[in-house]
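Try each task before you look at its solution.

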Amino acid sequence: MLTCHEMQELVPEYIAGRLAPTEAQVLRRHLQECQSCTAEVEELAQVWKLLGQWPEEVPSEQTVNVIRQTVLSDLASRQNVALAREILPARKLMWAIVDGLVFTLGSVAVMAGVASFEGLSAPVLLGSGALWSALYILACALYFRLGGQNGAAVNLRVIATAGLLTMGFSLLAARTLSVGKLVQHCQISPWGAALFRCVGQEGAYLLFGALYALAPLLVVSFAFGEQVQRRPILHGLLCAGLFFLLTLPAIYLQCGAFSLGVGLSWIAGAFLGSLAGAPLGFWLRMQSRSQTR
Ligand SMILES: [Zn+2]
């Protein structure tokens, strides 16, 4: 037995004469007993008849343009108001700047213990610091950003949190066992020496740079994947991009003593590792969730 609501959904097809005979019969039987559905049918039949008399006239190009302009300007003004209100209120922006600067100072302090800044000129150091501050502030702004969290395609808060947390881990790793130290250890050990003969110093930095980005991103993305409802790969790519940008100044500051080739290999490794680690983490979490369901 169909409800009135379900019956009324059949009405347009019925009036257009496109309903299957059995369904049409069910509807007709219902109409004999139901006043509200009958009224609905009569109303729609009226509209249908009017539509049949509608002259098939193509609106002039001018009319179309006027309508298009009106709609576009209406949309634009609405978007502007919504954007200003939504992106970031002043108080949150202030917090993003303060937190971003705190993160930068912390990172610089950690890096000062790892790398010597002696070979770098003051403008280069200032430039790196400024770039780092800008990136950290951007990450914090993504975290604090209002609106669009529910039902939005991308959860920026998760991306910012995962990116910042991974950055913290990778700074800790740099403090305890930096890529440079690891490469040195490897050169001493027999299997490491064999590896070096195979891939060269550039290859070693590419490999370890990739591992140092991949491992923490994989773990953190997997941990935060729970909060992502859909599009794990997109979340992973955005998180990878954020982490890679944040880690650039750290690599650069550690590269002072190395050749350009080594530095570029390291950066390429970090890029590839980020690109693999974060999407894989989010994706694996989503897979594990859909299997337990
Ligand atoms: Zn009814």
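The exercises below go from domains to helix pairs and then to one residue.

This is a predicted model, in which local features need pLDDT of at least 70, side-chain atom pairs count only at pLDDT 80 or more, and totals for chains, interfaces and linings use all residues. Residues are numbered from 1 along each chain as its sequence is written.

**Exercise 1.** State the domains of the protein chain and the distance between their C-alpha centres.

Solution. Start with the bounds, which come from an automatic or database domain assignment: domain 1 covers 4-53 and domain 2 covers 88-292. Next, take the C-alpha centres of domain 1 and domain 2, which lie 62 Å apart.

**Exercise 2.** Describe how helix 1 packs with helix 3.

Solution. Helices here are DSSP runs (H or I, at least four residues), numbered from the N terminus. First, the axes (lines fitted to C-alpha atoms over the stretch in contact, with angles from 0 to 180 degrees between N-to-C directions) of helix 1 (residues 4-15) and helix 3 (residues 35-53) come within 10 Å and cross at roughly 25°. Helix 1 is therefore roughly parallel to helix 3, a label for angles under 35 degrees.

Then list the contacts (C-beta atoms, placed from the backbone, within 7 Å). The helix 1 side includes Met7, Val11 and Ile15, and the helix 3 side includes Val41, Leu44 and Trp48. By class, this contact has 10 nonpolar, 2 polar and 1 charged residues, where Ala, Val, Leu, Ile, Met, Phe, Trp, Tyr, Cys and Pro count as nonpolar, Asp, Glu, Lys and Arg as charged, and the others, Gly among them, as polar.

**Exercise 3.** Work out the packing of helix 5 and helix 6.

Solution. Begin with the geometry: helix 5 (residues 90-114) and helix 6 (residues 122-144) have axes 7 Å apart, at an angle of about 135°. The two helices are therefore oblique to each other. For the residues involved, Trp95, Leu101 and Phe103 are among those in helix 5 that meet helix 6, whose partners include Trp132, Tyr136 and Phe144. The contact of helix 5 with helix 6 has 13 nonpolar, 5 polar and 2 charged residues.

**Exercise 4.** Is Phe282 buried or exposed?

Solution. Locate Phe282 in helix 11 (residues 260-292). Now count: Phe282 is buried because it has 32 C-beta neighbours inside 10 Å, and the cut-offs are 20 or more for buried, 12 or fewer for exposed and partly exposed in between, with C-beta atoms placed from the backbone. Finally, leaving aside neighbours within four places in sequence, Phe282 is in contact with Ser221, Gly225, Val228, Pro232, His235 and Gly236.

Notes: Contact = placed C-beta atoms within 7 Å. Parallel < 35°, antiparallel > 145°, perpendicular 65-115°, else oblique.
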